[in-house]
Amino acid sequence: MSLLGFCEWLGNTPWSVALHESLSVYPVVESIHVLTLCLFLGLAVMFDLRLIGAIMRSSPVSQVVSRLLPWMRAGFAVMVVTGFILFYGVPVRTYENVFFRVKMVLLILAGLNAWVFHAGVYRKVAAWDLDPTPPLRARIAGGASLLFWACVVIAGRMIAYNWFDKPV
Amino acid sequence: MSVLPFFGWVQSLAVGESIRNSLWLFPAIESLHLLGLAVISGSILLVDMRLFGLGMRNQSVRQIARDAEPWFVTGLIWMLLSGSLLFTSEAIKCYRHWAFWLKMACLFLAIIFTFTIRRRVTMADAATITPFKSRLVAIASLVLWSGVGFGGRWIGFS
């Protein structure tokens with residue numbers, strides 16, 4: 001089955017129709033998705049700013065990671081779950097939406113960037129933990145993360161606008 | 001005296017009209033408003049979590065508050081500017097929407113609270129502030145700013 005076929009099947013399941021037609025549940029899930037951005041992205045931005053040496057310059061980077069990461073993970077989990085529900089409610093239109101596709105690619109890039117950081121320069125964090133301005137590779141990771149997530153937010157906001165939708 | 005004429009005047013301004021007449025300006029400013037939301041809420045959470053003894057608890061409250069403040073102020077100015085632009089394009093709709101008034105009331109109180117009581121507590125000598133008091137301040141701050149965020153989201157539903 002093609003991805004589109006899968007989305008068509010998904011959109012015809014009773015729960016998807018109910019979600020799509022609900023006047024209250026969909027906006028509530030959408031609001032949770034947007035407002036959890038404050039927890040997840042808010043703290044992620046603070047962490048990225050530490051990586052580029054723009055905030056908490058006297059705090060060890062490893063402490064920023066260990067103290068904030070659990071909260072970021074919790075926020076991210078809520079983002080993923082609510083994001084899936086939003087997709088489940090409107091699968092076909094979302095799948096065909098160019099901003100949704102761009103957002104998914106950007107999410108993968110943001111994830112790869114985080115992985116490269118944790119598997120790379122962060123392994124030797126003991127050597128630069130207290131540097132007010134971290135080494136170049138850490139600054140690049142922080143800057144790239146800020147850029148990718150900013151684009152994720154913009155693309156996510158644009159999904160709601162249907163300029164490029166095919167006429168029904 | 002009603003403030004409705006004022007809202008009507010704001011909506012009639014050229015800047016609001018160009019936003020209304022453009023296909024992409026409103027979504028673009030909305031996106032900028034959302035990016036500012038990430039910065040300002042991060043800077044608020046960092047301090048309120050610390051007041052609770054969560055998050056960056058190996059640093060003093062004062063240290064974290066000092067670190068966060070420039071980002072909070074920058075974020076606030078950013079939000080006020082982008083928010084005003086959104087407002088000029090649909091002032092009358094805002095006037096008629098309860099969520100707008102909730103947001104403005106919370107915003108007014110949140111700004112005053114942040115720069116008076118919360119600032120005095122975060123900048124005070126840690127020994128003089130009881131954990132109960134810092135938690136109370138954190139809760140008040142989180143409740144007020146949540147009201148701003150919730151109201152803001154709900155203006156979009158009409």
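Contact is taken here to mean heavy atoms within 4.5 Å. In the predicted model, residues 24 or more positions apart account for 80% of the contacts in chain A with a separation of 6 or more. The secondary structure of chain A consists of seven helices and zero strands, so that, read from the N terminus, its elements follow the order α-α-α-α-α-α-α. The C-alpha trace of chain A spans about 55 × 30 × 30 Å along its principal axes. Chain A has 168 residues, of which 46% count as buried.

The backbone of chain A was examined at Met56(A). Most residues other than glycine have a negative phi. Met56(A), although it is not a glycine, has a positive phi of about 50°. This residue is located in the loop that lies between α3 (25-51) and α4 (61-89) of chain A. Met56(A) counts as buried because its relative accessibility is 0%, and the limit for that class is under 20%.

The cysteines were considered next. A disulfide is a covalent bond between the sulfur atoms of two cysteines. Over all chains, the structure holds zero disulfides. For Cys151(A), the closest cysteine sulfur is that of Cys38(A), at 19 Å, which is too far for a bond, because a disulfide requires the two sulfur atoms to be within 2.5 Å. Cys151(A) is partly exposed, with a relative accessible area of 29%, whereas Cys7(A) counts as buried at 2% relative accessibility.

The interface between the two chains was then described. In chain A, 33 residues are in contact with 34 residues of chain B. Between them, chain A and chain B bury about 2,900 Å², and 74% of this area is on carbon and sulfur atoms. Arg67(A), Arg157(A) and Trp163(A) supply 19% of the area that chain A buries against chain B, more than any other three residues.

Six residue pairs are in polar contact between chain A and chain B, with both residues at pLDDT 80 or more. The count of salt bridges between the two chains is two. One of them joins the side chains of Glu30(A) and Arg153(B), with an N to O distance of 3.7 Å. On the side of chain A that touches chain B, the elements giving two or more residues are α3, α4 and α7 (136-159) of chain A. Of these, α3(A) gives the most, with 15 residues. By residue class, this side of chain A divides into 25 nonpolar, five polar and three charged residues.

With a relative accessible area of 7%, Ser82(B) is buried. When residues up to four places away in sequence are not counted, Ser82(B) touches Ile29(B) and His33(B). Gln63(B) is also found in helix α4 of chain B. At 27% relative accessibility, Gln63(B) counts as partly exposed, because this value falls between the limits of 20% and 50%. The C-alpha atoms of Gln63(B) and Val47(B) are separated by 9.5 Å, and these residues are 16 residues apart along the chain.

How values were computed:
Residues numbered from 1 in each chain as written. Chains lettered and ligands numbered in written order. Predicted model: local features only at pLDDT ≥ 70, side-chain atom pairs only at ≥ 80, totals over all residues. Heavy atoms only, no water. Helix = DSSP H or I, 4+ residues; strand = E, 2+ residues; numbered from the N terminus. Buried < 20%, exposed > 50% of the residue type's maximum accessible area, 1.4 Å probe, protein only. Buried area = accessible area lost by both parts, 1.4 Å probe. Salt bridge = Lys/Arg side-chain N within 4 Å of Asp/Glu carboxyl O. Polar contact = N/O pair within 3.5 Å; in protein donor to acceptor, adjacent residues only side chain to side chain. Nonpolar A, V, L, I, M, F, W, Y, C, P; charged D, E, K, R; others polar.
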